[in-house]
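Please read it alongside the sequence and the structure shown here.

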Amino acid sequence: MASGAWTIEKRAPLRNDSVLKEENVPEIGCLSIVVLGASGDLAKKKTFPALFNLYRQGFLQSHEVYIFGYARTNISDEELRDRIRGYLVPSKNTAEGHEEDLSNFLQLIKYVCGSYDTEEGFQLLDKEIAEHEILRNSKEGSSRRLFYLALPPSVYPPVCKMIRKCCINKSDLGGWTRIVVEKPFGRDLESAEQLSNQIGELFEEPQIYRIDHYLGKELVQNLLVLRFANRFFMPLWNRDNIDNIQIVFREDFGTDGRGGYFDQYGIIRDIIQNHLLQVLCLVAMEKPVSLKPEHVRDEKVKVLNCVVPIKDEEVVLGQYEGYLDDPTVPDGSYTPTFATMVLRIHNERWEGVPFILKAGKALNSRKAEIRVQFKDVPGDIFKSIKQGRNEFVIRLQPSEAMYMKLTVKQPGLKMSTVQSEMDLSYAQRYQNITIPEAYERLILDTIRGDQQHFVRRDELKAAWEIFTPLLHRIDKGEFKSISYKRGSRGPEEADKLLEKAGYVQTHGYIWIPPTL
């Protein structure tokens, strides 16, 4: 360079170990899926039904897959099958042949009893897996082992240690070992980093799948397609046209006997820090270089790093009346069951646009949605501001739909305006298609080695950095919750915060899902 001559340096290709392995080495070995915590509610209600639906649709073949349940409860194979049988129900398009499919699927399940922190049970589990692999004529190291931890995070470290020591593939001939871990990933930045370090010492990042089931929902997965495959959205999706964005999660029931568990976390840790923040990333991120998992996750991390510290005056916390009556909830608990907060993103696209995250229990409705509200029309010649602003609404659940609220001419001889909608309701448009459950998609992604819809370690760290200061203040009792009535919209202060942030509510308009 001293002579002034230019040189060309060849850059190393971007690497995604999980994808490269699948591209370069064929996967011919059998598949063993191990559900740890097999006797628990999560496994019965979500994991096993998802596996059954994948089996029923042909994604899991009986000649190559075997499913192992592992837990401390001392039960037989048949007792486990009986426990989960009632949760394996047919969908509208699979009623025919259901009993035969159910019987065949249950025969693929074997139960192993053992503790989570000693080698004896995991050595027995490894023996059972190895016997299955031999029966399927899999060469050592060519088999695929998936461990689904349907367990509380407190036992992740000892379980991962036992898997690493006793159950991991012995060599690499196209096979793999992967682990799936459920939220919550810690309680704050420090505990999340500690957990990440403990698991990271045992497994590489391409082997770790941190599952957030919101990333498996149909309309959440549609966000990238909507934003980057439709030309008319691209010039509108910025601070010049959008006034505010709401991401809302509402439940019409309380903790219902789970108060003791919920009280350990609260609504921010349970819903906002993970589910709603993941949705925010997909709404706000820039277009990735490609759909490769690392490219998508890189853009999500960039967005999180642009979120500025949350201001006290832009947070409203609530706790519904009767929450403390639950005998499992500690007396005088400060834990919020409701929260509305404004997040602000300091970058060129979103400077000045409030992202309003709202979640609560025991409210007047049940829904999850994204509500993008556009700015007022400049020089409005129809004086239609009273009709309300344009809004693009993505209903995540229930009644999956997308609709655009528009001001149109009221039919008739008068030139008057009214608000209506352009509507894509999935139940009407896709009548013969069963929308898969989120867990089905994500388990299938894990088998395929696609980490796009899973949370990367640096992404998790950035998320906790946003919320940890606020959470510590709540835990110390420095940030109090406002009492609200069951079946209400939540604290009135939350509506005032929305108004202050710039949200304009439409009065007199209600979206009604179209009937078939």
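1. The charged end of Arg-178 lies over the ring of Trp-176, at 3.8 Å from the ring centre. A charge is taken to sit over a ring if NZ of Lys or CZ of Arg is within 6 Å of the ring centre and within 35 degrees of the ring normal. Lys-217 is placed likewise over the ring of Tyr-214, with its charged end 5.1 Å from the centre.

2. On the basis of these values: this is a predicted model, in which local features need pLDDT of at least 70 and side-chain atom pairs count only at pLDDT 80 or more, while totals for chains, interfaces and linings use all residues. Residues are numbered from 1 along each chain as its sequence is written, and side-chain values use heavy atoms, with hydrogens and water left out.

3. Aromatic pairs number 17, where rings of Phe, Tyr and Trp (its six-membered ring) pair if their centres lie within 6.5 Å; planes under 30 degrees apart count as stacked, over 60 as edge-to-face and the rest as tilted. Phe-262 and Tyr-323 form an edge-to-face pair, because their ring centres are 6.3 Å apart and their planes meet at 80°. This pair links distant parts of the chain, 61 residues apart: Phe-262 belongs to helix α10 (residues 259-263), and Tyr-323 to the loop between β8 (315-320) and β9 (338-344). Helices (H or I, at least four residues) and strands (E, at least two) are DSSP runs, numbered from the N terminus.

4. Are the two partners buried or exposed? Phe-262 is buried, at a relative accessible area of 3%, and Tyr-323 is buried at 0%. Buried means under 20% relative accessible area, exposed over 50%, and partly exposed in between (1.4 Å probe, protein chains only). Phe-262 and Tyr-323 also belong to one aromatic cluster with Tyr-320, Phe-338 and Tyr-484.

5. Trp-350 and Phe-355 make an edge-to-face pair, with 5.2 Å between centres and 85° between planes. Both residues are buried.

6. The structure contains zero disulfides, a disulfide being a pair of cysteine sulfur atoms within 2.5 Å. For Cys-166, the nearest cysteine sulfur is that of Cys-167, 5.7 Å away; Cys-166 is buried, at 9% relative accessibility. The sulfur of Cys-306 is too far for a bond, because the closest cysteine sulfur, in Cys-281, is 11 Å away. Cys-306 is partly exposed, at 23%.

7. Asn-197 lies in helix α7 (residues 189-200) and is partly exposed, at 36% relative accessible area. Asn-197 and Pro-157 are 40 residues apart in sequence, and their C-alpha atoms are 9.6 Å apart in space.
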